[in-house]
Each structure stands twice: as C-alpha cells, then as structure tokens.
Amino acid sequence: MAHDRCTGCAACFSACAHRAISMKYDNEGFEYPYIDTSRCVDCGLCQIVCPVIQYSNKNELRNDFCDIQRGYAARNVNIQQREISSSGSIFPPIAEWIIDKGGVVIGTAFDDSFNAKHQVARTKDDIVSLQGSKYLQCKADNTTFKFIRDELRTGKYVLYSGMACQVEGLKSFLRTDYDNLYTIDLVCMGIPSPMVWQKYLRTFFGNEHILHVNFKEKSIGWDSFCFYIRTDKREYKERGMKNLYLQSMFKSWNMRPSCFRCPFKKRQRFSDFTLADCWGVYKKIPEINDNKGLSSVIVHSKKGYNLWQELANKIDFVEVDMDEIRAGNPYLVLNKQPIGNRELFYKILNEHPYKAFQKLCIPQENNIQSIIKKIKRLFV
Ligand SMILES: Cc1cc2nc3c(=O)[nH]c(=O)nc-3n(C[C@H](O)[C@H](O)[C@H](O)COP(=O)(O)OP(=O)(O)OC[C@H]3O[C@@H](n4cnc5c(N)ncnc54)[C@H](O)[C@@H]3O)c2cc1C
Ligand code: SF4
Ligand code: SF4
Ligand code: SF4
C-alpha cells in the first residue's frame, strides 16, 4: 500500500492472525502498518480487509446499503449535552438509544496525556468522554475491531463512531453485515498528526499539568468557536481561527497524506449516519439555530432511519436537501488540496517547534494585517 493511500485504519493490523503486522510511526507522526516477513504466511487477508484496496469492488454494495439517504439540520434538545458536543450533539442521543438497548458504544476519547484513543461506553455517563471532536488521529490498535466483532456475535447492539475510513475499515474487517451494528461517520477535511499535537502542547503548555481540552468551546458561539485548555495554572481560550495548532490543520500541514486522496468522501457511505457542522444551511433556517451548535445529518440506511424516528422527542430537526448540505459542507465529497511548505513545516518543527508554530502557522488575516501595517508605515 502506497504511503499516501494508507489511512491507518488498522483493519489489516486487526485481521492478521499471525501477528506479522505492527504499526509504526513515520517522521510526521502518523502510524503505518509494517509486515514482519519472517512471520507472514502470505495468506493475503490483509489485502482482502483493506478498505482502500477494496473500495471500488464495494461500490454496488455501498449503493445498496444507502437505501434511504435523507438530510437534516438538527440539534439535541438537551442543552447541557449540546454544550459539551462539537456541533448539534446528535451523537449522544444515538449513543443513549444503544445503551438503553443494553448495547455498547465505541468512540474516541482522550487518554491521560491527551492522545486520542478508542474507548468503550457501557453507561450513559461514559458517553461524555466520547463527545467533542478531537482534532488528531486516534491511536491505531488491534483490539477494538475484534472487541466489536465479539460483542456483535453475542447479539448485543453496538454503535461505532469514527472517521469514514475507520467505519469502512471496520466493515471490511467484519466481512458480515450485522443487523445489530450501527455506525456513525463524520464529515472531515482530514485528520491531524498526533505528534504535531503533542509538540504544540509541549511547546506552549510544557510546564503545566493539562486538565481539560476542548477544540470547539462554544461560549462565544458555535459558529466562531474557541480553542480551550484548562491547566493547573490557568485557563487558556482563544478563537479557533487564531489558534496556531488549528491553523496547522487549516493550512493542511499536519494532515495525514491519505486525506488528500481520500476515496471515502462520497455521498454513498457504509455508515448509518454522517454527522457534520451545519455550515451554510443554518442561515436559511434561523428558527432552529441558537448558535449553540447545529448539525447536518445524513441518514443513509433504513435501519438508521428507523432509529432516527425514535429520537423525535430528543432532537429538533428540519429536513433539508442533500445538495444544500453538500454546498454548505464541501468536504462531504471533496478532498482538501495540500498547501506548499509542508516539508519546511516539519523540518522547522523538529528543530524549533516554537518557531514552526509562531512563524508559519499565523492566520492568513494576520499576514494581511501586517502587510497593511507595513504599507501604512511607508507612508507615515
Ligand atoms: C478530525 C476531524 C475533522 C472534522 N472536520 C470537519 C469538517 O471539515 N466539517 C464538518 O462539518 N465537520 C467536521 N468534523 C465533525 C464535527 O466536528 C463533529 O464531530 C460532528 O459534527 C459531530 O458532532 P456532534 O456534536 O454530533 O458530536 P459530539 O457529541 O461532539 O461527538 C463527537 C463524535 O466524534 C467522534 N470523534 C471525536 N474525535 C474523533 C477522532 N479524532 N477520530 C474519530 N472520531 C472522533 C467521537 O467518538 C464522537 O462520536 C470533524 C471532526 C473531526 C474529529
Ligand atoms: S499476508 Fe496474511 S500473514 Fe501476511 S501480513 Fe497479511 S494477513 Fe498477515
Ligand atoms: S487496512 Fe487500513 S491501515 Fe492497513 S493498509 Fe489498508 S488503509 Fe492502511
Ligand atoms: S479524509 Fe477523513 S475519512 Fe478520509 S482518510 Fe482522512 S480522516 Fe479518513
């Protein structure tokens, strides 16, 4: 698998029964599978379960899976839950529905060092740590997909929520369509490097004990969200668009190379629900936008639609045209284009992380403002 195609979904790592595959970090801090040829028996299973290799072989199946496809602008009526979530908080009511059925929910949480990892929620209280977008790639493991398979085989309801490449990886790994499996994927511009995130934390909060991180704090409004960190020494809050780490994401430098060539950004997906921020559409439906979080939701399958109908008293929603969702949220179907200077960014990051963030990741508007200031100075 070419380096710039592998998404790090870990389906191959999970499937290899001979323990021939391990995941190793590259110099940008992304994990990739490596094969120990002394253990490999050439069975070919890792290629069979790879969702990138198998993508186009499954087009027909994927189209059949998407047997309903309806779009909504939606928000959770529970305002406390919505405060914690990144968008309209649609994930928690779906997760609670699964827990009420005696099922388990698997999503992404922070560990004690603020790395992202898979975590299982068995109670409604457990769901809280899965809420909120963590803008860094989840650690690859070879236990989560196997755990999900084992739970499904006992007949339990399971909800898996992840990026589209992870959902496709899971479904490829399972190779069976389980009625008791529900999946959520997210619209994404791409997934950032955990190494860049840790360098950011060490550079700007190195002497502090970090207690809480929220990439999309909504106190000044969901549409102009803040980046928020609480440490043992202070509370740090700044507009998301000004934050240097998020700028390294908006500029595309910290993104996984596969995200520039992602095959999964399509209307047809193997997930029951696709969730996103309701950018664009919300201006047309002010009646449900209170600027505390609004989601675009695409329900792909009949199974998902049946669940969705049972949430009617927990979610306010308005049905919207799929083309409007797509117009407001182009990364549903389009890949972000890489911006130059990536090599320079990593080179400087390794030697002088402070300089890499401070000099290269300043927001564009600041650049323009500084040019205007320089021009003004010439005339004064
Ligand atoms: C890396 C990334 C990029 C995104 N890019 C966009 C974008 O360009 N446009 C857009 O409209 N929306 C984007 N989103 C999605 C958006 O931020 C919200 O996650 C989504 O709208 C769901 O909101 P919610 O309020 O319903 O969920 P919440 O209640 O906030 O729950 C968040 C869900 O996301 C999952 N999750 C969080 N972090 C990760 C992670 N690192 N990897 C896998 N799953 C994770 C959690 O398990 C949980 O299920 C992105 C999300 C991520 C993680
Ligand atoms: S070919 Fe089979 S044994 Fe070899 S790495 Fe792939 S899954 Fe493992
Ligand atoms: S299965 Fe996933 S991790 Fe393995 S090669 Fe394919 S994309 Fe990469
Ligand atoms: S763009 Fe999103 S779905 Fe595609 S490879 Fe990157 S993280 Fe995965």
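Strands, sheets and a ligand shell in a predicted model

Strand S3 (residues 70-76) is mostly covered, with 6 of its 7 residues buried. A residue is called buried if 20 or more other C-beta atoms, placed from the backbone, lie within 10 Å of its own. Strands (E, at least two residues) and helices (H or I, at least four) are DSSP runs numbered from the N terminus. This is a predicted model, in which local features need pLDDT of at least 70 and side-chain atom pairs count only at pLDDT 80 or more, while totals for chains, interfaces and linings use all residues. Residues are numbered from 1 along each chain as its sequence is written, and chains are lettered from A and ligands numbered from 1 in the order in which they are written.

User: Which residue of S12 stands opposite arginine 70?
Analyst: Two strands pair if DSSP finds at least two bridges between them. S3 and strand S12 (residues 295-299) are joined in the antiparallel sense by 5 bridges. The residue of S12 opposite arginine 70 is valine 299.

User: Which residue in S13 is the bridge partner of asparagine 76?
Analyst: S3 also pairs with strand S13 (residues 315-320), in the antiparallel sense, over 6 bridges. In S13, asparagine 76 has as its bridge partner isoleucine 315.

User: What is the order of the 8 strands in the open sheet?
Analyst: The pairing in this sheet is mixed. The order of its strands is S5-S4-S6-S7-S11-S12-S3-S13.

User: Which are the edge strands of this sheet?
Analyst: An edge strand here pairs on one side only. The two are strand S5 (116-121) and S13.

User: Which residue in S7 stands opposite leucine 159?
Analyst: Strand S6 (residues 158-163) and strand S7 (residues 181-186) run parallel and are joined by 6 bridges. Opposite leucine 159, S7 places tyrosine 182.

User: Why is one side of S8 and of S10 left without a neighbour in the sheet?
Analyst: An open sheet of 3 strands, with antiparallel pairing, has the order S8-S9-S10. Strand S8 (210-217) and strand S10 (235-239) stand at the edges, so one side of each lacks a neighbour in the sheet because each has a single partner strand.

User: How many nonpolar residues are in the shell around ligand 4?
Analyst: The residues surrounding ligand 4, with a C-beta atom placed from the backbone within 6 Å of the molecule, include Met163, Cys165, Arg256 and Phe264. Ala, Val, Leu, Ile, Met, Phe, Trp, Tyr, Cys and Pro count as nonpolar, Asp, Glu, Lys and Arg as charged, and the others, Gly among them, as polar. The shell has 3 polar residues and 1 charged residue, and its nonpolar residues number 8.

Key. A residue is buried if 20 or more other C-beta atoms lie within 10 Å of its own, exposed if 12 or fewer, and partly exposed in between; C-beta atoms are placed from the backbone.
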